[in-house]
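Welcome, and have the model open beside you as you read. We will stop at a few local features and then move on to a pair of helices.

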Amino acid sequence: MSDRDELNPTDVATADSAAESVDLDDPDLYLNRELSHLEFQKRVLHEAVDDRTPLLERVRFLGIFTRNLDEFFMKRVGGLKQQIDAGVTDPTVDGRTPREQWTEILDTVRPMFEQQTACYRDVVRAALAEAGIELVDYGDLSSDEGDRMRSYFEESVLPTLTPLAFDPAHPFPFISNLSLSLGVFVRHENAEDPIFTRIKVPQNRPRLVPVDDGPRYVLLEDLIEAHLDVLMPNVEVLDAALFRITRNAEVRRDQEVAEDLIEAIEEVIEQRRFATAVRLEISADAPDEMVGLLREQLDLAPEEVFRRAGPLDYRDFQTLADLDRPELKREPWSPLPHPRFAEGPGGEMALHGADIFDEIARDDVLLHHPYHSFDGTVQRFLDAAANDPDVLAIKAAIYRTASDSKVIQRLIDAADNGKQVAVMVELKARFDEQNNLQWVRKLEENGIHVAYGTVGLKTHTKTALVVREESDGVRLYSHVATGNYHSETAKGYVDLGLLTADRDVGQDLVTVFNFFTGPSLDEEFRKLLVAPVAMRDRFTALIRREAAYARAGRDARIVAKMNALEDPAIVKELYRASMAGVDIDLVVRDICRLRPGIEGVSDTVTVHSVVGRFLEHSRVYYFENGANPDDPAAAGEGGTPEYFVGSADWMTRNLDRRVEAVAPVTDVRLREQLRFVLEVMLSDNRTGWEMHADGTYTQRTPGDDPEWATQQVLMEAARSAHERDDDCGIDTDHPATGDLLID
């Protein structure tokens, strides 16, 4: 940290004095984390409701909403239920106890589920039928169609089904997490009491069963229910209802008492199968007796039951998006080669005729996925490292990766080629534990040194380091990114990656990777902001520096793009900066605890959110640093805006309980790209939303102005750069931007 980055203690005292009239610990100044996340899910659901969204994309977003809420119940609601059962009553910063949060969550999601059902039942299903894609009720099939479906059932579905009765001779069956089930009441001849039977809807059969050669489908659960007489002959079927349960995923084992981390993770995976139920979704017309039986056996409160009039699970409906109906979809997008790494006819670098390492050494490279191809950039960087005879070592931190990861395979190839390879695989990456365990075993089988997590910390940094022998000595090539080394998610997540030969960044990564295998994490770094040792203090100092400029009567500006703003201490710093007069724009995809527009507290803060075809996942931080384009001399020791990109959100877990890395972007052309991206997002009047002080959002509309949608603009900008062989990778000449940020 340079001297000018250190805030004078007098300035801190002044900042605190300015805030004395406001109690920044007042719970009313903070939004609840969980309810804020549900506001994000409302924006996701809006993509399905919005008639401007192409029809098959609307279907896709119905599935995304289901998947997102499933994960929310497993992780967040499950965690709250654990706290309630443990008697925890401590309130969060917004003043809510675990039980109060749990109650408000259940009250909030109920109308959201009703909106999802209404969207499908009243709008989307009819629109699909009009487009020739029918989802029909089994009772509406013709007799010929019914005969064909009965034959299909008997030949392809019936052998996979296993009815499980619950009676004095049979215990209540185990019901797996998120599986669809039919609950059936049957009665034997001359018996008085009905018997409950559970039938699991098989997950290895198509959920949308084709009725004929055209796009006409019946749901598998309806097909099974229509043939219960075949499955269970010689009994009277009294009633049947579809249901689905969600189990808590917040199961843990104390790592310090486990023999090793692998054992602990394997036990966590197993425990999830039998974890506490946190939600029951069931057909709206299910008999009360069945609901009561399931509640009793699963130990669920009445509030945890959601009666639903439509399908209980829309995830499988996303298969409709694969239909060859381009007129019902968005224009397809295929990630483009970055002009700096594009291949010529003979496989050589298209620009400058240099190999990939010379290209990075020439200038830093900023990658922007999915506008730039992951395979043609990050994967190519690792491919080159694995096969270059001058490369001595490769180190990588893997948080999530594809099940058929080429990244892992190249690391194995590198070891086979005699390189020193060290890999940090985070086994505690939730829901990817099993996949990561498999990769750990494969890496170790190939003689690669693997570190797989540290006690008390998750490794969330997305970094790789290549050590190469060159004519003038050993050079370090670094990749610091916001996204995972995952070729599939790189096609649908918006992420940034910095490739650099900066020696200081490389040395900092050497220190970070040594921590993964060594006893401690150094607290001194040359350029990187590294959590949990230095990042919080550095970000705090940068926010306070802007406040000091504002109090001195100078222009001051912060623009921060992230997935979530949750950390109360950072929120307080932003409140203080706003009270000092700093203009603050926050582009937050998901959770935001800060309330904008509160008089005397956050008047100068605007919170934006962008929801589009890709998931916004990148983190960019901009601090104006006293820059004054009209009078550079007045800028004093400042004068140059600072940009940072990396893996960390402004959340307590990222700043204090994870290993994270954020890198400064110093190359002028790369900073221009980041400036362009931020300005486009601030100007978005199609997919952009603006937050109110109560935590709700309003989607922006273009009115009489041209329509600018962030991701569409960036696709066009990447295409333009590709066509012009512009080596910056993004064409930053676009009318959507202006002079919002200082050049």
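Phe623 counts as buried, at 0% relative accessibility (buried is under 20% relative accessible area, exposed over 50%, partly exposed in between, with a 1.4 Å probe and protein chains only). Phe539 is also buried, with 0% relative accessibility.

A word on the source: this is a predicted model, where local features need pLDDT of at least 70, side-chain atom pairs count only at pLDDT 80 or more, and totals for chains, interfaces and linings use all residues. Residues are numbered from 1 along each chain as its sequence is written, and side-chain values use heavy atoms, with hydrogens and water left out.

**Aromatic pairs**

The structure holds 24 aromatic pairs. Rings of Phe, Tyr and Trp (its six-membered ring) pair if their centres lie within 6.5 Å; planes under 30 degrees apart are stacked, over 60 edge-to-face and the rest tilted. Two of the pairs are shown here.

| Pair | Centre to centre | Angle between planes | Type |
|---|---|---|---|
| Phe72 and Phe73 | 6.2 Å | 90° | edge-to-face |
| Phe539 and Phe623 | 6.5 Å | 35° | tilted |

Because Phe539 lies in helix α15 and Phe623 in strand β23, their pair ties together parts that are 84 residues apart in sequence. Helices (H or I, at least four residues) and strands (E, at least two) are DSSP runs, numbered from the N terminus.

**Backbone details**

Two prolines deserve a look. A cis peptide bond joins His369 and Pro370, with omega about 5°, and Pro370 sits in the loop between β10 (365–369) and α11 (378–387). The bond from Ala531 to Pro532 is cis, with omega near 10°; Pro532 is in the loop between β18 (529–531) and α15 (535–551).

Asn625 has a positive phi, near 60°, and is buried at 0% relative accessibility. Asp299 has a positive phi near 55°, and this residue is exposed, with a relative accessible area of 60%.
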